[in-house]
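Dear colleague,

I am handing over the structure below for your records. My notes on it follow directly after.

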Amino acid sequence: MHTELRRAPAPRNSPACPPTDGSSQGRVLAVGTPGPRRERLTRTLESTGYAVTHAAPGEVGRSVEHTPPDAIVALDGHGGVEQALAVVREIRTAPQGQVLPLVMVTADREPAGVASLLRGGADDCLSETAEPVELSARIAAKLHRVPVPVDRLALDPLTGLYSAPHFRAELDRELRRPGSRPGRRAGVLAVVGVAEADALVERFGARVRREVAERLAAVAERLGNGSNRLGRDEEGRLLVLMPGVDEETARRALQEFATTVAGTRFVVADENVRLTPAVGWLPLTDAEDPTDDRADDRAVDRAGDAVAEALRHRDLRPVRYEPWMRATTPRRRPRQVVRPLLLALSPLLALLIGVGVPFALYEQAYAVLGWDVASAVYWVVVAGLILSASLILLECLFALDAPARPRAPAQPYPPASAVIAAYLPNEAATIVDTVESFLRLDYPGDLEIVLAYNTPHALPVEDTLREIALRDPRLVLLPVAGSTSKAQNVNAAVCRVRGEFVGIFDADHHPAPDAFRHAWDWLSNGYDVVQGHCVIRNGDSSWVARQVAAEFEAIYSVSHPGRTRLYGFGIFGGSNGFWRTDLLARTRMHGSMLTEDIDSTLRALTEGARIATDRTLISRELAPTRLKPLWNQRSRWAQGWLQVSLRHLRQALRNPSFTPRQKAGLAVLLGWREVQPWLSLQILPILLHSALRAGGADQINWATPACLVAFAFTLSAGLVQTGFAGRLAVPELRRRRGWFWLHALISTVFYTHFKNIVARQSHLRELLGDRRWRVTPRAAATAGSTAPAKAVSGQ
């Protein structure tokens with residue numbers, strides 16, 4: 001039974017006393033179903049001096065429109081909180097009702113019900129048992145300080161951001177400025193979404209959108225130039241108007257903003273979280289006709305389309321709006337004829353560019369100008385061969401004295417995370433075995449295993465993985481919807497991980513039990529990244545796998561440690577690498593790069609990161625077992641290295657933070673390695689030219705000392721490197737001496753030339769714009785393999 005609002009005599013000078021001159025304190029609309037409750041409320045309001053009109057639920061909009069009151073007092077009805085919320089929504093839906101003070105009178109004394117009404121849009125809430133003087137005072141307070149919805153204010157009082165309508169008004173004014181016309185430097189509009197927004201809203205409610213926007217705005221204000229205007233739209237995204245800046249300046253500023261946000265831990269809803277900003281931007285000169293009344297809305301929509309594209313990659317790179325992002329149907333690529341034909345003829349093109357063109361130049365220079373250019377180039381080739389061999393020998397010598405792992409961690413073992421990136425259809429047969437191997441790791445601290453995977457359709461193995469996750473909560477399954485690359489999987493996972501450092505692995509890797517403990521030995525002693533030693537575990541599968549097993553020992557036991565000590569920096573090799581989580585969150589991986597690992601290395605080094613290489617930090621993986629998959633794998637590597645060289649070499653050589661020694665190393669890794677495959681090919685046009693000039697190949701003196709010395713020295717470098725690899729290899733492979741003899745023979749007569757051919761073909765593919773990721777299938781490890789494993793294919 002509802003209790004009546006009790007009348008009580010008010011003090012003579014109380015605000016609740018009716019005015020003595022006969023005028024009312026204001027007009028109040030009493031909302032409620034006709035009956036005793038509404039009548040009691042009416043008598044109470046009138047007794048305190050208010051003029052009262054009435055409206056039943058469902059009639060509020062019409063009543064407010066015809067006779068706008070000064071305030072609304074509503075009863076909750078017999079349906080409790082739910083019916084009361086329906087009344088609040090009806091009132092707030094009416095245009096006039098959005099700005100009127102609304103006091104709810106309820107029979108529900110539960111704090112949860114009151115909180116629901118206040119969150120739902122009521123300005124105040126009190127019980128029917130409250131004194132009339134209190135009701136009158138609350139109404140008077142609302143009339144003296146009229147509540148205004150945030151979106152009606154120019155600036156949100158909590159965040160300091162423009163509301164969506166006012167931001168669009170600012171944008172409209174900017175678009176109409178004379179400087180905004182095409183051909184003038186006008187500025188940029190950016191929209192910032194957050195990849196974790198939906199998950200945060202699901203956990204904490206819609207209120208976190210405002211908190212997130214506030215955190216982003218604080219960073220934007222700190223990094224901005226003072227003229228930027230910041231707002232928040234209806235979806236909670238941050239809106240940034242950057243007037244008077246050119247596109248490149250804006251892009252750099254937005255990139256700095258995204259990197260700073262990703263590298264900062266924010267407190268949202270009383271929880272420490274990491275945010276992944278997705279930035280879409282649009283030059284104001286690309287906006288539609290500024291005289292169009294909806295030009296501002298369309299500009300925001302277009303920048304929002306770019307946000308959607310940025311959310312797919314999560315690599316922190318601001319995305320410029322392109323017209324195809326607006327398309328309602330998928331882009332149809334025009335049928336290409338020339339590019340596939342050129343790719344099919346690429347071996348002939350490589351010979352034409354590397355042999356035919358130089359030969360023609362040598363001939364023309366000799367015939368027209370009398371210059372024997374070939375002789376000069378011959379000495380350049382000889383010097384190049386000697387330089388390459390010398391660098392290999394230096395790496396071998398420096399590898400002998402590579403820095404040892406610190407004996408003990410400098411800090412206690414923190415929480416750690418392993419991220420396994422997988423394209424599940426390729427890994428279905430081995431992923432369970434891989435996950436089980438990770439769950440057997442020996443790490444003293446908390447360790448979570450995050451399987452970040454993409455799959456075009458559901459697979460039965462997912463049920464098995466879910467069963468394992470239920471059995472062992474350390475396993476976290478993270479399907480990455482829309483992912484098309486390992487980089488996107490890793491980027492999605494790095495926002496989710498709880499560890500202070502994170503190990504990155506491909507889906508065929510089985511790290512040694514002590515891998516994470518030994519990685520922390522480095523990271524706790526001042527390093528930011530440590531690259532481990534990848535060991536082939538299916539070498540018995542084929543002669544190709546044995547070749548790769550020996551080659552990996554040359555790479556991870558000799559070249560990586562030697563280069564790290566020789567040049568003063570290490571390299572992240574894509575898998576079995578351990579990062580400080582904060583650095584990886586700022587760096588991310590760029591899926592557009594075929595070797596996203598090397599690209600990440602260069603960007604981390606530019607930040608001043610220290611990267612160590614440890615050949616005792618073991619993880620075992622599967623190698624290709626046939627020549628074609630090996631070709632595809634090495635083609636991707638070679639083309640990826642070229643992409644990194646084109647993107648980073650010039651900037652690295654100009655970067656004052658790199659020492660001369662480091663710049664020399666970068667020049668070798670990013671410059672010389674791209675030149676060397678073409679330079680080594682020059683011996684053919686030189687010999688053709690020399691034979692033609694001498695009157696035949698039999699007239700050439702093949703036993704010149706310089707030629708013999710260069711050939712012998714170059715040949716010996718490969719043999720020496722193989723010898724060092726056999727000596728420094730892991731124990732299980734050190735016993736396989738025949739594998740290294742085979743590697744030495746194959747490398748001398750075939751494999752070195754194979755890799756040079758691959759490099760030249762990859763250069764042509766990049767030139768022709770063919771950047772497709774070709775899957776590298778891997779066969780099952782056999783029973784006689786160096787480590788048991790179940791079958792398959794890798795990414």
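What share of the contacts in the protein chain with a separation of 6 or more comes from residues 24 or more positions apart? Such residues account for 76% of those contacts. Please note that this is a predicted model.

Overall composition

The protein chain has 795 residues, of which 52% count as buried. Its secondary structure comprises 27 helices and 20 strands. The accessible surface amounts to about 36200 Å², and carbon and sulfur atoms contribute 57% of that area.

A five-stranded sheet

Five strands form an open sheet with parallel pairing, in the order S2-S1-S3-S4-S5. Strand S2 (50-55) and strand S5 (124-127) are the edge strands, each pairing on one side only. From one strand to the next, the twist averages 25°.

Within this sheet, strand S1 (residues 26-31) pairs with strand S3 (residues 71-75) in the parallel sense, over four bridges. Ala30 has Val73 in S3 as its bridge partner.

Helices across the sheet

Two helices may be considered together with these strands. Helix H3 (residues 80-93) lies across S1, S3 and strand S4 (102-106), and its direction is at about 165° to S4. Helix H5 (residues 132-144) lies across S1, S2, S3, S4 and S5, running at about 175° to S5.

With kind regards

Notes:
Residues are numbered from 1 along each chain as its sequence is written. This is a predicted model: local features need pLDDT of at least 70, side-chain atom pairs count only at pLDDT 80 or more; totals for chains, interfaces and linings use all residues. Side-chain values use heavy atoms; hydrogens and water are left out. Buried means under 20% relative accessible area, exposed over 50%, partly exposed in between (1.4 Å probe, protein chains only). Contact means heavy atoms within 4.5 Å. Accessible areas come from the Shrake-Rupley method with a 1.4 Å probe; for residues, only the protein chains shown count as cover. Two strands pair if DSSP finds at least two bridges between them. Axes are lines fitted to C-alpha atoms, for helices over the stretch in contact, and angles run from 0 to 180 degrees between N-to-C directions.
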